Amino acid sequence: MTTTDTGALPATRRPPRSAPAAHSPGAARALTRPQRRAGWLLLAPGLAHMTLFVAVPMLLALGFSFFAYDFLQAPRWVGLDNYRTLLHDDRFHTALWNTTLYTVVIVPVGMALALAIALGLDQRIKARGFFRTAYYLPHMTATVAVAVVWLWLLDPNAGALNNFLALFGVARVNWLGSTTWALPAIMALGIWQGLGTKMVIYLAALQTVPAELKEAARLDGANRWQVFRNVTWPAIASGNLFVLITSVIFSFQVFEQVYVMTRGGPINSTLVLTYDIYLNAFTRLRFGYACAEAVVFLLIIGLVTLAVMRFNRGARDA
Amino acid sequence: MRNTTMSAPRLSRAPLYAALTLGAAVMLVPFAWMVLTALKPAAELGKGTWLPERVRWGNFADAFNAAPFDVYFRNSLLMSVGQTLITVVLASAAGYALARTPIRGRGLFFGLTVGMIMVPVYVILIPRFLIVRSIPFFGGNDWLGQGGTGWLDSWWALIVPGALAPLYIFLARQFYVDLPDELADAARLDGLSEIGIWARVMTPLIKPAIITIAVFQFQSSWNDFLWPLLVTRTDEMRPIQLGLAVFSHADIEVQWNYLMAGTALATLPMIALFLVAQRYFVEGMASAGLKG
C-alpha cells in the first residue's frame, strides 16, 4: 500500500556528481562499478533469506496443493482433487463461516471503539500518556500470554468475570464450554487486544485534520457531530482505510486465542481457518490438502482486500 | 461571554474522563488479575477474591519447579536477541542496496519485497516447515536433505527462518531513499569504501528507523508462538509462549498461581520494552499508517 515511489529512481541520480568523466554510459558504468558490487553484496543475504523462506514456500504451497502428500509416502499428483474435496468439506465450511463472523464483528466494533478513544485522547486532557499506554498494553503482550490470562478470567468456577456477574445475581456461565458463548469470548479478546494499534493510527490521523477548518465549521454554527461528520471524518479517510484493511487481514488470521482457549471447540463452534489448516497439516498430516486450503485462504484474503479498496474508492467518488 | 465558553468545555470533561478511565480499567483488569493470582497461595485460588489474603512471593520460585520457566525465558531471550540482530543487519543492508545502489533489477527486487509483505504466515508455514526439515547435512540429513530431521528442534530452526521479514527491508529502504546524496559523495571522495559508507555514514543517519525495526522485531520474536510450536520438540528448546501453552494444557489440574507467575514473566519484558521505547512503537505504527 505504500508503493508511492517505487524503486525506479532515475539511474542518472546515482553516479557521483563530482565525477568529471561521466559523459558516456560506459564510463559512468565503470565509475559506479564499486557501488554495484557493494549493492549486490548488501542485497544478497536479505534476498536469499526472502527467497528461501518466503518466495519459495509460496510457490511450493501452490505446487503441493495439487498433490496428496502425507509425509510417509512420496507426493502423488491428484490435480484439482484437493480443491474439489474442500468444496464439500463441512469442517472447512464451518471454519470459513466462523472466521468471517469473527471478522465481521470485531473489525467494525474495534474500529468504532478505537476511533472513539482516539477522539477522546485528542482533546486537551490530563494523563494522556497513561491512557495511551493502558490502551496499547494488550497489543504489546503475546496473544498466547493474554489468552492464558483470559482462560483463567473466564474460568466458570473461580474466574473473575463470573464472580463479578454474581454480584448482580447472574448465574455462572461456562463461557468457553458453551457453543453460544465461546466465539463471542474469542471475539472479545480480539477486540480488546486490537484496540491499541488502531487507536495509535487514528491518533496520528487526527493530527492531520486542519484545525482552521474545524474552527471555521464551528463558527458557522456546526455542532460537534456535524464537525466530526463533515470535517474530521473526510480528513482521516486514508488512515481509516489503512486501519480497515490491516484489521481485516489481521483478524482473518486469528489463531492463538483459539489454540489456547478452545482448540476450536466446543463442537467446532470456534473452529477458524488458520486452526483448520494447522490441524490438517500437523495432526492429520494431509500436507497437500492443507496447502490447498492455505491457497484458498490467501485468495479469500486477497479478494476481500481488493473488494474493500474498490468499495472505498467507489464511496469516495460518489 | 468568555466565562461561559471557558467553563462549558470543562464541565463536559467529566463524562470524558469517566469513559476513558472505565475503558482503561477494562484494558488493565486482566493484567491485574494475572499479577494478583500469581501472588496467591493455592488455597485462595478457588475463593474468587481479588486481593490475596496472604501474599506469596514464593510462587515465582515454585513455578520454576513446576515447569522450566527459567529455561523457556532464556530460550525466548536468545531467540529474540538473535533474530533482532540478524534483522537489523540484513534489513538495513538490503534496504540500502534497494534505495541507493545502481544495481540492475532494483525495481524488480523492490516490487518483490513489497509483494511479500502481505503474505500471511499461515500460507507459507507448511512448505517452510518442510524446507527446514530438509536442510542438507543437518540433523542426520544426506546431501539431498533426506533421511533426518534437518534443522528441527535446533537453534537454527528457531532463529533463522523468522529472522527477517520483507516489511523491515521495505521500511529501511523508505528511510534511506530520503537521505541526500552529498554525504555519500563526500565520503567517497575521502576514500571510504562503499560498505563503509553504508555502515558508518548512511546508517547512523536513520538511527530512529533502525531502532523502530529492532523493537518491532524483538516484540514479534518474543511473542511468536506458532513457529516454535512446529519446530521444537523438547523443553530444552521451547520459548516461553510455547511453555505457557504447554503448561496450561497439562493433563493434571492447572496450577493457576504458577501459570500466572509464568505469564507475568512472559509479559513483563514487553511491558518494560514499551515503557522504554514507547516513542518508536507509536511513531512507527503511525508513520506506517499515514504513508499508505
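Analyst: Start with secondary structure: helices (H or I, at least four residues) and strands (E, at least two) are DSSP runs, numbered from the N terminus. This is a predicted model: local features need pLDDT of at least 70, side-chain atom pairs count only at pLDDT 80 or more, and totals for chains, interfaces and linings use all residues. Residues are numbered from 1 along each chain as its sequence is written, while chains are lettered from A and ligands numbered from 1 in the order in which they are written.

User: Where does UniProt place the feature "transmembrane region" in chain B?

Analyst: UniProt positions are given in the numbering used here, with feature names shortened, and annotations may be inferred rather than shown by experiment. The unreviewed entry lists residues 16-36, 77-99, 108-135, 155-176, 197-218 and 256-277 of chain B. Now set spans against the model. Residues 197-218 of chain B are 95% helix and 0% strand, with end C-alpha atoms 27 Å apart. Residues 256-277 of chain B are 100% helix and 0% strand, and their end C-alpha atoms lie 31 Å apart.

User: Where in chain B is confidence lowest, and where highest?

Analyst: Read pLDDT, the predictor's confidence in each residue, from 0 to 100. Chain B has a mean of 88, and 94% of its residues reach 70 or more. Helix α1 (residues 2-38) of chain B is lowest, at a mean of 79. Helix α3 (residues 69-100) of chain B is highest, at 95. Over residues 1-8 of chain B, pLDDT stays under 50. For the complex, the predictor gives an ipTM of 0.88 and a pTM of 0.88.

User: How many residues of chain B are in contact with chain A?

Analyst: Two residues are in contact if their C-beta atoms, placed from the backbone, lie within 7 Å. By that test, 79 residues of chain B touch 89 residues of chain A. Helix α13 (residues 256-291) of chain B gives the largest share of chain B's side, 15 residues. By class, that side has 57 nonpolar, 16 polar and 6 charged residues. Here Ala, Val, Leu, Ile, Met, Phe, Trp, Tyr, Cys and Pro count as nonpolar, Asp, Glu, Lys and Arg as charged, and the others, Gly among them, as polar.

User: Which peptide bond in chain A is cis?

Analyst: Check omega. The bond joining G265(A) and P266(A) is cis, with omega about -15°. P266(A) sits in the loop between α12 (256-262) and α13 (273-282) of chain A.
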